[in-house]
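Please read the following report alongside the sequence and the three-dimensional view.

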Amino acid sequence: MNKLLKEKISESLSSVLPIVIIVLLISVLVVPVDTGTMIVFLVGAILLIIGMGLFTLGADISMTPIGEGIGIQFSKSKNIKMIALLAFLIGIIITVAEPDLQVLVKQVPSIPDMVLVLTVAVGVGVFLLMAVLRTFFKWSLSKMLILCYGIVFILAFFVPKEFLAVAFDSGGVTTGPITVPFIMALGIGLTSLRSDKGSQDDSFGLVALSSIGPILAVLILGVCYNPQGVAYTNYISHDVITTQDVAKLFFKELPTYIGEVLIAIVPLFLMFILFQFIAKRFKKGQIGKMVIGYLYTFLGLVLFLVGVNVGFIPVGYLMGSEIGASNIPWILIPLGLIIGYYVVKAEPAVHILNKQVEEVTKGTIPQKAMQLCLSIGVAISLGISMIRILTGISILWFLIPGYVIALLLTFKVPKIFTGIAFDSGGVASGPMTSTFILPFAIGACEGVGGNVLLDAFGVVAMVAMTPLIVIQIMGLIFQYKTAKMEAENMGEDTLLLDDDIIDIEEDLDDERDNDQNET
Amino acid sequence: MKETMIKMRLNLIITVVDRNKGCKVMKIFKSLGTHWHYMLSGEGTMNSEMMELLGLGTSEKSIALCIVPHFRVSEFMQTIRRELRMDMKGKGVGFTLPISGVNHPIIQKIKNEMNMETMKTMKKEMEQMTEKITTGTQYSVVIGIINQGYSEDVMSTARTVGARGGTVVRARRVGIEDAVKFLGISVQEEKEILMILTAKESRHDIMKALSHEHGIASETHGIYLSLPVEEVMGLDL
C-alpha cells in the first residue's frame, strides 16, 4: 500500500486507540454502558480514525501551503497598511466560518446572535492584525500577552461568574481545527524569508494572540449587556436497538456537519483562488493537488465531526454522570487525569501543531516531546476540573494563578517556547474537548449535583491554560540541558581556536608527487 | 608519524531516508563516534504522476550529513545499510563526497578521538590510497538550484532521460541585489535544491535536458551542477 497513506492511518490509529480502550475499560469496570451506546461509540471511533487521517493529509497538502504562501507574500510586500487590512479581513472570515462559534452563540441567549458573532469575529480580526504586525515590527510576544491578559482579568471582575467560564471557553473554541493549521502556516510563512536570529521564534504566537480576541470580545459584551443567564442544551440520548438504528443515527446527523464544514472550508477555498489569481504563486500541477487536498480536508473533517459528535458525546456524558452520582465520585479525579492524557492525542489540530513545531525547529523540539507535554498538561487540567466539580471551588482560584505563572514564565523561558506554549493552548482545546471532555464534565457535575454553569464549563478554559505552563517548563528544562552540554564542551575549547585551513587535495597531490619523485 | 597524520582524507556521507528514520541515522552516527553530523529536512519525489496529484506522491525525508575520515567510510556505510535495511528497495540512499579542504579544528577533533588501533588501520589505508584514487567514480549527484515550485516539472523532465528519483530541499537566495544587477532580470528569492543521484554515464544527458527545458532563461531559472560521488548504497541502478 502507499507509504504515505499507511503512515497517516497508523498515526491516527495510534492517536485514537488509547481513548477507545480507556472508554471500553471504564465501561467494563466502572460504568456499565448499554450496548447500543457502545456500538455507536465504536462506529464513531472508526469514523474518527479515518477522518483524522484524511484531515491531516489534506491539511498538509492544502492548508499549510496556502497559509505559508500568503505569509510569504505578506512578508515580501512593502505596503504595511494593505497587509494589516488583509490580516484583519482574514481574521473575520475564518472566524465567521468557524462552526463552533454557532455553538457558543447558543450558550449565551441574552446577547443577540449577530452582535456576538460580529464582535467575536472583529476581535479575532484585530488580534490577527496585531499578530501579523508583530512579525514585522518584532514586538515582544511576552509583553503583548501580559498586556492583553491583564485587561482580560480586569474585565473579568465586572461580569457575572457564570459568564466567565463561557468567555474563557470562547477563546479555545473559536480557534478550531481548520483555522489553526491555516494561522500557524501563516506565521511560518511570514518569517520564513527572514534570516535573523528571531525568525524562528516569531513564527509562533499568532494562534495565541488570535485566541485572546474572542475572550476580550465576549467579556466586553458581557459588561455591556449584563446577561442574565447562560444556557446550555441538555444531552438527549437516543434509543439504539438494531444495527439499522445505528446507521440511521449517523446518517441523520451527516447533513448538519456537511453543512458546517462546508461553511468553514468554502471561505478558505475562495481565499485560495483569490490568492492564486493575484499572486500566481502555485503551478498547475500544484493547484490540482491542492484542490484535492481541500477535498480530503473536507471529507476528513466531516467524518471526524460526525463520529465525535454522534458517538462520543453520549458516552462522555453517560460516564460522567454515572460516576458523579455513584458512591465513589472521587474516582473522577484519577479518571480525569487518564482521560485527559489520552484524549488530547486525538485532537486533529494537535498533530498539525506538533509537526510544524518539529519542522520550524528542524527537529530540536520533536513531536514526541510536544505530545508528552500536551498530554501531561491536559491530564492536569482535567484532574483540576474534576476537583472543582467535586468541591465547587471557583475557577478564578485556578485561572488567575495559572495565567500569572504562565506569564511570569515568559520572562525566563527562550522566546520560541513562549510562542509555542501560548499557541498550543488554543490548539489543545478543540473538537475532542467540546465533544468528550465537556460532556463528561457536565455529566459529572450533574451527577454530583453541582452548578453546571459555574463548575463544568470552565473545563475548556483549563484545557487551554495548562499547556501554557507545561510547555514553558519544557523550555526551561531544554535551556538547562543546553547550558549543561555547552559547559561540558567548554574544556575542549583551546584547540578549537585554531584558524588554519587544511587543503586535503593539495596534500594528496603533494604526496603523489613525492611518491613519484622517489620512485 | 606526525606528517602522515595531517594528510588524512575526509569524506562527507549524505544519507537520504524517510523522515521518521532520521533520528535512527543520527543515533548510528553518534554511536560510531563522529563529532560532526547534521540533519536537513526535505521531500522525495515519486514515480507516479497520479499519486503525485492525489497528494500521495511526495514523502518527507531526512537528509543526514556526516564528516568521516576516509578509512571509516565503509564501516559507517555498512552499519547504516544494515540498520536501515537499505538492501531492500525504497529504504533510502546514501552516498559519499570527497572533501577537498577543512578548517583545522575539525581534523584535530577527529585525530583526538582516534586510538592506537585506528591509527594502525589508517596507516594501512594511506598505503592503499594511491590505488583508490585511480579507480575513479561511477556515480554523480546532479544538483539543480531552481525557483520554488518547479521541482516537480524539473523532475518529470529528468525522468524522461533516465533519472529515477530526486530529493528536494527548500532554500533561499541571498545577495539578490547583485544578481539583479548582473543578470538584468528579476531574481526570485525562494529556491528549491533538487538532488538526483545518477550513474556517471547518464549525468550528461540529464543535465543537458534540464538545462534545455528549465535553464536560466526559463521561468525555472535553473542552475545545474554535478558533484563526483565516491561510494553509493541503496540504489538499484
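In helix 5 of chain B, the buried residues are B:His104, B:Pro105, B:Ile106, B:Ile107, B:Lys109, B:Ile110 and B:Lys111, where buried means under 20% relative accessible area, exposed means over 50%, and partly exposed covers what lies in between (1.4 Å probe, protein chains only). Because seven of the nine residues of this helix (residues 104-112) are buried, it is largely enclosed by the rest of the structure. Helices (H or I, at least four residues) and strands (E, at least two) are DSSP runs, numbered from the N terminus.

This is a predicted model, in which local features need pLDDT of at least 70 and side-chain atom pairs count only at pLDDT 80 or more, while totals for chains, interfaces and linings use all residues. Residues are numbered from 1 along each chain as its sequence is written, chains are lettered from A and ligands numbered from 1 in the order in which they are written, and side-chain values use heavy atoms, with hydrogens and water left out.

**Charged pairs**

Side chains of opposite charge can pair when their charged atoms come close. A search of the whole structure finds 13 salt bridges over all chains, a salt bridge being a side-chain nitrogen of Lys or Arg within 4 Å of a carboxyl oxygen of Asp or Glu. The table sets out some of them.

| Pair | N to O distance |
|---|---|
| A:Lys76 and B:Glu190 | 3.7 Å |
| B:Arg9 and B:Glu230 | 3.0 Å |
| B:Lys61 and B:Asp18 | 3.0 Å |

The salt bridge between A:Lys76 and B:Glu190 joins two chains, because A:Lys76 lies in helix 2 (residues 35-76) of chain A and B:Glu190 in strand 8 (residues 190-199) of chain B. A:Lys76 is partly exposed at 31% relative accessibility, whereas B:Glu190 is buried at 4%.

The salt bridge of B:Arg9 with B:Glu230 ties together parts that are 221 residues apart in sequence, since B:Arg9 lies in the loop between helix 1 (2-6) and strand 1 (10-18) of chain B and B:Glu230 in the loop between strand 9 (223-229) and strand 10 (232-233) of chain B. B:Arg9 counts as buried, with 11% relative accessibility, and B:Glu230 as partly exposed, with a relative accessible area of 24%.

In the salt bridge between B:Lys61 and B:Asp18, B:Lys61 belongs to strand 3 (residues 59-69) and B:Asp18 to strand 1 of chain B, so the pair ties together parts that are 43 residues apart in sequence. Both B:Lys61 and B:Asp18 are buried. A network of salt bridges also links A:Lys8, A:Asp60, A:Lys355 and B:Glu60.

**Cavities**

How many cavities of 30 Å³ or more are there? The count comes to six, a cavity being, on a 1 Å grid over the protein atoms alone, a set of points where a 1.4 Å probe fits but cannot get out, with lining residues having an atom within 4 Å of a point. The largest cavity has a volume of about 120 Å³, where grid points are joined across faces, edges and corners and the volume is the space filled by probe spheres set on the points. The lining of the largest cavity consists of 14 residues, of which A:Tyr149, A:Ser211, A:Tyr403, A:Gly426 and A:Ala464 lie nearest its centre. Two or more residues of that lining are given by each of helix 7 (161-174), helix 10 (206-225), helix 17 (415-428) and helix 20 (458-489) of chain A.

**Cysteines**

Over all chains, zero disulfides are found, a disulfide being a pair of cysteine sulfur atoms within 2.5 Å. A:Cys148 is in no disulfide, and the nearest cysteine sulfur, that of A:Cys224, is 18 Å away, too far for a bond. A:Cys148 is buried, with a relative accessible area of 6%, whereas A:Cys224 is exposed at 57%.

**Helix contact and backbone**

A:Val124, in helix 5 (residues 113-137) of chain A, is buried, with a relative accessible area of 5%. Its C-alpha atom is separated by 8.6 Å from that of A:Ala217, 93 residues apart along the chain.

A:Lys138 is not a glycine, yet has a positive phi of about 55°; this residue is found in the loop between helix 5 and helix 6 (141-156) of chain A and is partly exposed, at 48%. A:Lys280, likewise a residue other than glycine, has a positive phi near 50°; A:Lys280 is placed in the loop between helix 11 (243-279) and helix 12 (284-325) of chain A and is exposed, at 59%.

Methods: 1 Å grid on protein atoms, 1.4 Å probe; cavity = no way out; pocket = protein on both sides within 12 Å on 5 of 7 lines; lining within 4 Å.
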